[in-house]
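Please look over the complex shown below before reading on.

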Amino acid sequence: MRKTLLLLACAMPLAAQDGFDFKTLDKLGDNAKNKTVITLDGDMLKMASGFLSNGGKSEADSIKPLVDSLTGVYIRSFEFDKEGQYNDQTLEPLRAYLKQASWNKIVESREPKEYSEIYLHPIANGRLGGIAVISAEPREVTVVLINGNLKQEDLAKLSGNMGIPDLKLNKKNSDKTPKGKKDDEE
Amino acid sequence: MNVTGESAQLDFAAILKDNQAMVFSVALRFVRDRAAAEELAQDVFLQFYQQLARIESPAHATWWLRRTVCHRSIDEVRKRKLRPRVGLESAPEPAEPSRPPDPMLRGRLLKLMELLPEKARMVVVLRYQEDLDPSEISEMLAMPVSTVKSHLHRSLALLRGRLQKQEVCP
Amino acid sequence: MSNQDQDFEKELRMALRREEPPADFAAKVLARAKESKTAEERPKVVEMPVWRRPLVWAVAAGLAVTALVPPAVQQYQQRRQEERAMKAEKELLFALSITRAKLQHTREKIQRSTRQPL
């Protein structure tokens, strides 16, 4: 089953960000069987960034410069047992907010049962005030909101492989039964 | 299971049930005594219990438990210096083996595993008991992939060689 | 890999099959976990009736507790702060992982529909 992912990235200035009520998005998860809700801004983001070290050897440390440029990270991700358990209209206030705050929709991909939208918020000096992604599938909705003062190349970091843990790693490790993999060093 | 940014209270009892065989078995490969393995496994779970608030998901829990029991087992062996002091031929059979095609062979293999240095032994356990691939083992043990592969190669050669020697000269 | 090697690996996998701990393992762990939680919740300061001890020991114990409590509280607060920071770091990395996954998913969908690499 496809999942509906709503990625909402807001690169709005904090004052404009304050204008958006995230509670409207929380309604999306009323019927969800699994919810992921992350809100990191202000002091929490600084604390998180503080654990990463500049010039550190771990991959996570390599994204510290990117993290230092962020002012807010918001995730709302909901998984449902069956289709039709969330109302797509709930996203309209968010879209309206993005439009009003001059976010540009740079990507829209539509298929019969799912769609994705990517928004960027251009600010002065060729930088980005944030990124928004909305991805909707029949049984999953995910909203990602990232605010900050980003460079264009930070987009590549956000979508690339360096520094950011792979979501699949933990899912693989949850499989306790032998997979019968071949030893690949011979 | 609901995971939220503000609070993530996982079901400890469920995680315990799902992972107890894994934790116990990894420990058993090192301390070789079921009572000691049980004690070590209990300690790992209690340590996990203290960290429960930081665990994000059942998959994360499994990863955390596996990594902790690996490191604790290696430490335990180093502390106890559990090297065989008797000849392999006179070593007792392990208790209650699961159904292998050749119980004697299984016992001999487990005994031969004790010849391996701790890290090499752990690499073999993670590969052939936990079915992790070399890159996952590398991440688990904070060891270069090339070192993982080298441990595997040499350990298998040693185990195979010793086993063949036993079969030729029982 | 030769057949012999494959057979040996198969034997090794069989030898290393996981074993279940004793049947009461889970119960013991849960009992210890509950005990450890109760121990944490107990007051740290042990109250001793003054009349049971010589006055000098009672005063010394009182002074020792007074001296220890502020640093202990500070250490506790510091530890809590570190725990919050570590939790925030994990949440941050998780959030970025989700972001990356969704961006890549979108890119793949576009590539599929256009059949051209972006």
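Predicted model: local features only at pLDDT ≥ 70, side-chain atom pairs only at ≥ 80, totals over all residues.

## Chain B

Chain B contains seven helices and one strand, and these elements follow one another from the N terminus in the order β-α-α-α-α-α-α-α. Of its 170 residues, 54% count as buried.

## Extent of the contact between chain C and chain B

The contact between these two chains draws 32 residues from chain C and 49 residues from chain B, and the area buried between them is about 3800 Å², with carbon and sulfur atoms giving 59% of that area. Within chain C, the residues that lose the most area to chain B are C:Leu16, C:Arg18 and C:Glu19, which together account for 21% of what that side buries.

## Polar and charged pairing

Between chain C and chain B there are eight salt bridges, and the number of residue pairs in polar contact, counting those with both residues at pLDDT 80 or more, is 13. One of the salt bridges links the side chains of C:Glu19 and B:Arg34, with an N to O distance of 2.9 Å; C:Glu19 is also among the residues of chain C that lose the most area to chain B.

On the side of chain C that touches chain B, at least two residues come from each of α1 (3-15), α2 (25-41) and α3 (55-114) of chain C, and α2(C) gives the most, with ten residues. By residue class, this side of chain C divides into 14 nonpolar, one polar and 17 charged residues.

## Nonpolar cores

The largest nonpolar core holds 60 residues, among which B:Phe48, B:Leu65, B:Leu141 and C:Leu12 touch the most other members. The element that gives the most to this core is helix α1 (residues 12-31) of chain B, with eleven residues. Once its neighbours within four places in sequence are left aside, C:Leu12 is in contact with B:Leu109, B:Met113, B:Val124, B:Tyr128, B:Leu156 and B:Leu159.

Conventions:
Residues numbered from 1 in each chain as written. Chains lettered and ligands numbered in written order. Heavy atoms only, no water. Contact = heavy atoms within 4.5 Å. Buried area = accessible area lost by both parts, 1.4 Å probe. Salt bridge = Lys/Arg side-chain N within 4 Å of Asp/Glu carboxyl O. Polar contact = N/O pair within 3.5 Å; in protein donor to acceptor, adjacent residues only side chain to side chain. Helix = DSSP H or I, 4+ residues; strand = E, 2+ residues; numbered from the N terminus. Nonpolar A, V, L, I, M, F, W, Y, C, P; charged D, E, K, R; others polar. Core = buried A, V, L, I, M, F, W, Y, C linked by side-chain atoms within 4.5 Å. Buried < 20%, exposed > 50% of the residue type's maximum accessible area, 1.4 Å probe, protein only.
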